[in-house]
Amino acid sequence: MSGIAFPTPDARVVARRDEIVAGLSRLVAPEALVTSEDERRAFETDGLTAYRKLPLAVVLPSTTEEVSAILRYCHENGVKVVPRGAGTSLCGGAIAQEDAIILGVSKMNRVLDVNFADRTMRVQAGITNLAVSQAVNYEGFFYAPDPSSQLACTIAGNIANNSGGAHCLKYGVTTNNVLGVRMVLLDGAIVDIGGDALDAPGYDLLGIVVGSEGQLGVVTEATLRILRAAEGARPVLFGFPTSESAGACVAAIIAAGIVPVAMEFMDKPAIEICEAFAKAGYPLDVEALLIIEVEGSDAEMDATLARIVEIAKQHGVQTVKESKSAMETAAIWKGRKSAFGATGRIADYICMDGTIPTGQLPYVLKRMDEIVKGYSLRVANVFHAGDGNLHPLIMYNVNDPVEAKKAEDAGNDILTLCVEVGGCLTGEHGVGIEKRDLMRRQFNDVDLEQQMRVRAVFDRQWLLNPAKVFPLEGRWLPQTDAA
Amino acid sequence: MTDLLQPRDEAELAEAVRSAFAGKTPLAVEGAGTKAGIGRPLQTERTLTAKGLTGVTLYEPSEMVIGARAGTPLREIEATLAEKGQALTFEPVDYRGLLGTAGEPTIGGVAAANNSGPRRIMAGACRDSLIGVRFVNGRGEVVKTGGRVMKNVTGLDLVKLMAGSWGTLGVMSEVIFKVLPAPAHTVTVVLHGLDDARAVEAMAAGLGSPFEVNGAAHLPAGLERVSKTLLRLEGFPESMAYRAAELRKLLKGFGGADVVEGDPATSLWRQVRDATFIAEPRDAAVWRISIAPSKAAAAVAAIRRALPVRCFYDWGGGLVWLATTPAGDAGSGPIRAALAGTGGHATLIRAPAEVRASVPVFEPQPAAIAALSAGIKASFDPAGILNPGRMAAGL
Ligand SMILES: Cc1cc2nc3c(=O)[nH]c(=O)nc-3n(C[C@H](O)[C@H](O)[C@H](O)COP(=O)(O)OP(=O)(O)OC[C@H]3O[C@@H](n4cnc5c(N)ncnc54)[C@H](O)[C@@H]3O)c2cc1C
């Protein structure tokens, strides 16, 4: 693809590459510095694989102090820095360029402390999301935000993107589950923001660090809230004749005072793709599918599911499958969880991530279909129905530049639609490079300028992950203020 | 008397701030002023109130979201939600009893104070429920951040900065919150006679159970004849009976337990929320201490060695409301000395203006954090006209 522009690399920095590599080599062990072209290739892209750029070098430090030394060096030498966790970003947030180094925290992956009494744990930020939960599972605890990429993605990336997961309807997203971070500022200063208490004094700096996409500093440690898992969890699967009736059912469940732990929606193309792949037993004669999961003791789940089934019947549900065993539960989820992988087997796709007010669902589904058909493409929809976070998967052929361009344009139209109906460009994947140039659809210049002024407090020179989030044109620089 | 500016809409609000910016006129920013006594005293001649900006602007029960102009009385929000069986999840504290103030707290004031009650322990703080804000910054510009959908990671999350900024970064004109169904039923398991340390252990056991304890408070002997430790469950009635029984089994080792339900339970938790237990004597200084629960009892014991103290615990021990003598520094020295190295911090919620002028009301910050905070203040309010100095010198 080619739709997204990269700024021209700073030729002065590129010309000093050898000197910069030498400078960095004095700061970390040889195995922590990746310089050969072959090895740098492994870092040329992230989850947005259509875009690739070789970084100047990759540094993989093992300690906060090393991170500090690297940042101080880059600050003093005007070298751009792209922080990186596992590189699963879907918005191109971890892609660097020829004049920037990648600073990866994946070697910093230890659990530092677990405190069950206070329900907190401290970890190094390069630990994977799943490893965090696994470290506390033995006491029945878990870390709530559970992105589908949790096997690979890191807490650092989760914090930078404020990642969500299937269970965030009940438990919230990353920002609601992080209590503190240790972060290195661009000048090398090491700061602790927040801590192990439930609220921090002064301005909520943690609140802006979470979701800042690597633009305010490099996070090296985090204090996380952990929760005791419910006694049990069980899903029910519903097939509906129309997406309207499925949407109305979701609204009625909430109106009845029930907040399930997850409510996932799939449209017909998604059902077909997932069923063909996972053989999950999904009905193929319905237009929309809901997976609704509840938690509690067996008796509690029976009672809540009975209420939910009753509501679904009032909304014309066509198929009802209640899980009766762990195997059936796994089968119900397997289809949903393999949605991206299954789609990837039949076509290349881009995964959009807008959020809409859930009341707009039928309208948005219809418009989305028209938009995509207008580009002669296909779309499959899986999304978090409780919170309106859509994941349209637009299918195309990556080797066909014309079609690739169409897919991107269709995606942009869909995100614009999300904003028009009162939603936003991104619910959990971040802005990165992918949605950077759409930011003015959601924000006006004043809104963006206030964000950039805050950003400048941390990084006056735009050295930290600079090509991301804010449109390349019209960027605010501290110098532009006439005191 | 200070001049009172009471704009009727966002445009008038922006105009008022713009002219203050042009004239470098400091403004006291408030809603209904029920929390005006929190923070360092202001030296302002003009007060800008958001009280004139009222009305619910958006309510979609099935989307669990409500929006309102900042001056809308909290009571109106709560009544609107109650009609559809919903509620703000974070149980905003009503400070009127403690501070002896009158008037109707506004929803903007709730947001500006990041004001969260007992349910914070499970359901998150005010800042976690706040999803969208429109505000006027110190230049008089109208800025929007966040929105009306609960999943939104588009751009820097300035919503979080506005929450708990006490009117020092911008004057909010509209706020949007996510809400939840109001609990159908409340049950509270009460343990008796535990000392502070044992009580924190009991609360940790409850909060670490799968039964979704969503309130955990301890009223030490001295407040009550015999200490009481409260663990709250909320949900559908049949579920509550089961969970209360399981919880009592789990807590057997902490002695016999009673169960309080319905209205008495609701009223008990309102007193926890509003710190009613330590409102008297009126002249006592009141502190709010935030700390990791397992460190709370020892920190309180250390404070007790230096000061006469009446206190109770919320948030499973993570929040200590503490009353002491208003004399001198109102206990700031000993309290902060006891918290040093614990990661905890103290905010002076009630004290005479002279004390608040000389003692840091909010916990002093390490230099690097203070520098970032000062930079943020300047990025919103370059002339320093919004509640100048309320949170700290320069903020
Ligand atoms: C198959 C698949 C499924 C996915 N499912 C979900 C999902 O369900 N929910 C969801 O929210 N996301 C999902 N994602 C997106 C992605 O996994 C998340 O955004 C994840 O948090 C990224 O983590 P990472 O470690 O890979 O970060 P990276 O991709 O390496 O980096 C992401 C961003 O974080 C910044 N960053 C990394 N490390 C640091 C640091 N130490 N300090 C500061 N900034 C840093 C980077 O600069 C970049 O902007 C999915 C991705 C894939 C490929």
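Two residues are in contact if their C-beta atoms, placed from the backbone, lie within 7 Å. By that rule, 15 residues of domain 2 of chain B are in contact with 14 residues of domain 3 of chain B. This is a predicted model: local features need pLDDT of at least 70, side-chain atom pairs count only at pLDDT 80 or more, and totals for chains, interfaces and linings use all residues. Residues are numbered from 1 along each chain as its sequence is written, while chains are lettered from A and ligands numbered from 1 in the order in which they are written.

**Domains of chain B**

- Domain bounds come from an automatic or database domain assignment. For chain B it gives domain 1 (1–182 + 365–395), domain 2 (185–274) and domain 3 (277–358).
- The centres of domain 2 and domain 3 of chain B, taken over C-alpha atoms, are 23 Å apart.
- On the side of domain 2 of chain B that touches domain 3 of chain B, α8 (196–207), β12 (215–219) and α10 of chain B each supply at least two residues. α8(B) gives the most, with six residues.
- Helices (H or I, at least four residues) and strands (E, at least two) are DSSP runs, numbered from the N terminus.
- That side of domain 2 of chain B divides into eleven nonpolar residues, three polar and one charged. Ala, Val, Leu, Ile, Met, Phe, Trp, Tyr, Cys and Pro count as nonpolar, Asp, Glu, Lys and Arg as charged, and the others, Gly among them, as polar.

**Contact between chains A and B**

- Chain A puts 73 residues into the contact and chain B 67 residues.
- Elements that give two or more residues to the chain A side include α9 (243–255), α11 (298–314) and α17 of chain A. α17(A) gives the most, with eight residues.
- By class, the chain A side has 32 nonpolar, 28 polar and 13 charged residues.

**Ligand shell**

- The ligand is surrounded by 36 residues, and the closest are A:G85, A:G93, A:G157, A:A160 and A:G214. A residue is near a molecule if its C-beta atom, placed from the backbone, lies within 6 Å of it.
- β3 (80–84), α6 (155–161) and β10 (218–225) of chain A are the elements that give two or more residues to this shell. α6(A) gives the most, with five residues.
- The shell divides into 14 nonpolar, 18 polar and four charged residues.
- Domain 1 (11–104) and domain 2 (111–228) of chain A both give residues to the shell, so the ligand lies between them.
- UniProt, in an unreviewed entry, places the feature "domain: FAD-binding PCMH-type" at residues 51–229 of chain A. Positions are in the numbering used here, feature names are shortened, and annotations may be inferred rather than shown by experiment.
- That span of chain A is 21% helix and 26% strand, with end C-alpha atoms 39 Å apart.

**Backbone details**

- Most residues other than glycine have a negative phi, and most peptide bonds are trans.
- A:K279 has a positive phi near 50 degrees. A:K279 is exposed, with 11 other C-beta atoms within 10 Å.
- A residue is buried if 20 or more other C-beta atoms lie within 10 Å of its own, exposed if 12 or fewer, and partly exposed in between, with C-beta atoms placed from the backbone.
- A:V469 also has a positive phi, about 65 degrees. A:V469 counts as buried, with 27 C-beta neighbours inside 10 Å.
- A cis peptide bond joins B:E280 and B:P281, with omega about -10 degrees. B:P281 lies in the loop between α10 (262–274) and β15 (285–290) of chain B.
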